[in-house]
Amino acid sequence: MTLKCQPKASHFIDGEYIEDTDGKIIECIYPATGEKIAELHSATPKIVEMALKSAKLAQRSWSKLSGTDRGRILRKASDIIRERNRELSILETYDTGKPLQETLYVDATSGADALEYFGGLAGSITGEHIPLGDDWAYTKRIPIGLCVGIGAWNYPTQIACWKGAPALACGNSMVFKPSEMTPLCALKVAEILLEAGAPKGIFNVIQGYGDVGAALVSDNRVGKVSLTGSAETGKKVYASAASGMKHVTMELGGKSPLIIFDDADVENAIGGAMLANMYSTGQVCSNGTRVFVQSGIKEVFLKRFAERVAKIKIGDPMDEKTQFGPMVSEKQRSIVMDYIQKGKAEGAKLICGGNIIDGDGWFIEPTVFSEVTDEMTIAKEEIFGPVMSVFEFEDEHEVITRANNTDLGLAGGVFTKDIQRAHRVVDELEAGTCFINSYNDAPVEVPFGGVKDSGVGRENSKAAIEHFSQLKTVYVRMGNVDSPY
Ligand code: NAD
């Protein structure tokens, strides 16, 4: 079988591709056909050490460059990504199975946005001057040092850039470990950064399963860990980082509510709910998978939703007309199918979908349940697939209480024409990122992240600069020391 996407080697360290075939095999399977498209190796302790050592060494001189000089390199990398968008999008589609119709617009391009945005900010990362009578103090915003980035599998290029760009802008270096499910795209980000002029070692990529991630997190040279993954993994990584007093950003899972009041524009609300459940075959952390629909419009909402879902074009992700691809893996599909079975067994009403699609690849039908109650498994656990649950509600107070009845708090949305109600409701939602008459927008200028078990810290925006840097305070006495001794 031809390997379509085999990189030169598994790891990218100190500006070069490196292999160590002693590492456990990582098979890359194209989710749309089940074909093996590449074979890589998990990092051995020798590879982990090489990556950390090289990044630690490279960070010192990188942090001595002016922010403008660092930013120029990031912006150049952004330009290269945009020039190669199609090629990178095709790779993203092979890695994840997401349709090219999506990857051409949201993956490499959002990575380029992050490099451009943080490249632009790099020259403005400053402290402040604090007058104290004759004395004064100043603060400097300094790098943390060596940072570790660990990615989930749903947005491999974007996650590498959302972590790498602010880290590098602040003068840090990074060792990035992609998900073992989608190891290919981050290697290209490392290659492009080098081509744009980044010094060797400043952004190293090593492959591996959870044990490699754990080895990186526990290393005492590492000052900061940024993880995108499940809440379960997040708790382990946070605990390990805490024992070394490391900075963390935790971008974890969600079970977010989307509340649709009966004064909403129904077609708009359906569009929002579709984006919140079917985009990327439902494999989006911030998805609004608990859709609360006010009783007055529930029937029309479900009828029109089913009609619009029936028109979704499912199939070959490389065909630009395709709107809905396969699940990332056979395992993820079977996890989602188990949830669908539980939904049926616990009494939810299947409105559409619910089945595996016959043929090659890990396809599943877009699935909608109604008559879902708050106690059902599908109402409580993150499914991470194209399964939407519809709940009926009567009034605002009731729906807010039910929406917040979860340990997770990544996102939340409200559709209504009543502007005061919209703001009142998002004020009450226990969620880090909220949407009014929209869903799942994530421009780089805006902070993104969760509360409760969905994580700590924020990605994107100026907030990310604070999470990838630390303050140093310098007190300056202008006169004599006033000492009682
Ligand atoms: P996961 O938690 O299984 O794995 C995430 C990453 O952590 C992988 O690279 C994995 O190898 C690594 N890992 C696993 N155990 C580890 C350990 N003990 N120490 C260090 N690293 C370890 O998650 P996944 O299945 O890849 O991704 C899906 C999850 O990610 C979902 O819960 C989804 O909601 C979440 N997610 C969150 C965001 C966000 O921004 N909040 C974005 C995308 C995905």
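Which residues in α3 meet C185, K188 and I192 in α7? I began my entries with this question, and I note that the model is predicted.

**Entry 1: α3 and α7**

I found that L88, L91, E92 and D95 are the α3 residues that meet C185, K188 and I192 in α7. I then looked up how the two helices are placed. Helix α3 covers residues 85–96 and helix α7 covers residues 185–195; their axes come within 9 Å and cross at roughly 150°. Angles over 145 degrees count as roughly antiparallel, so α3 is roughly antiparallel to α7.

**Entry 2: helix α12**

I turned next to α12, which spans residues 330–345 and has 16 residues. From its first C-alpha to its last, α12 reaches 22 Å, close to the 22 Å expected at 1.5 Å a residue. I listed its buried residues as Q332, R333, V336, M337, Y339, I340 and G343. Viewed down the axis of α12, these buried residues fall within an arc of 155°, so they line one face of the helix. On the face turned away from that buried side I noted the exposed residues K331 and A345. Just after α12, I recorded that G347 takes a positive phi of about 105°.

**Entry 3: what covers α12**

Which elements are included in what covers the buried residues of α12? I noted β15 (367–370), α13 (377–380) and β16 (387–393) among them.

**Entry 4: strand β16 and its partners**

Strand β16 is itself mostly covered, with six of its seven residues buried. I found that β13 (residues 290–294) pairs with β16 in the parallel sense over five bridges. Within β13 and β16, I saw Q294 standing opposite F393. Strand β15 also runs parallel to β16, and three bridges join the two. Here I noted F369 opposite S389 in β16. As a reminder to myself, side chains in a regular strand alternate between the two faces of the sheet.

**Entry 5: residue N460**

Is N460 buried or exposed? I located N460 in the loop between β21 (455–456) and α16 (461–467). Its relative accessible area is 0%. Buried means under 20% relative accessible area, so N460 is buried. I then looked up its contacts, leaving aside neighbours within four places in sequence. N460 is in contact with F118, W162, A442, P443, V444, V446 and P447.

Definitions and conventions
Residues are numbered from 1 along each chain as its sequence is written. This is a predicted model: local features need pLDDT of at least 70, side-chain atom pairs count only at pLDDT 80 or more; totals for chains, interfaces and linings use all residues. Side-chain values use heavy atoms; hydrogens and water are left out. Helices (H or I, at least four residues) and strands (E, at least two) are DSSP runs, numbered from the N terminus. The expected span of a helix is 1.5 Å times one less than its number of residues. Buried means under 20% relative accessible area, exposed over 50%, partly exposed in between (1.4 Å probe, protein chains only). The arc is that of the directions from the helix axis to the C-beta atoms. Contact means heavy atoms within 4.5 Å. Two strands pair if DSSP finds at least two bridges between them. Axes are lines fitted to C-alpha atoms, for helices over the stretch in contact, and angles run from 0 to 180 degrees between N-to-C directions. Angles under 35 degrees count as roughly parallel, over 145 as roughly antiparallel, 65 to 115 as roughly perpendicular and the rest as oblique.
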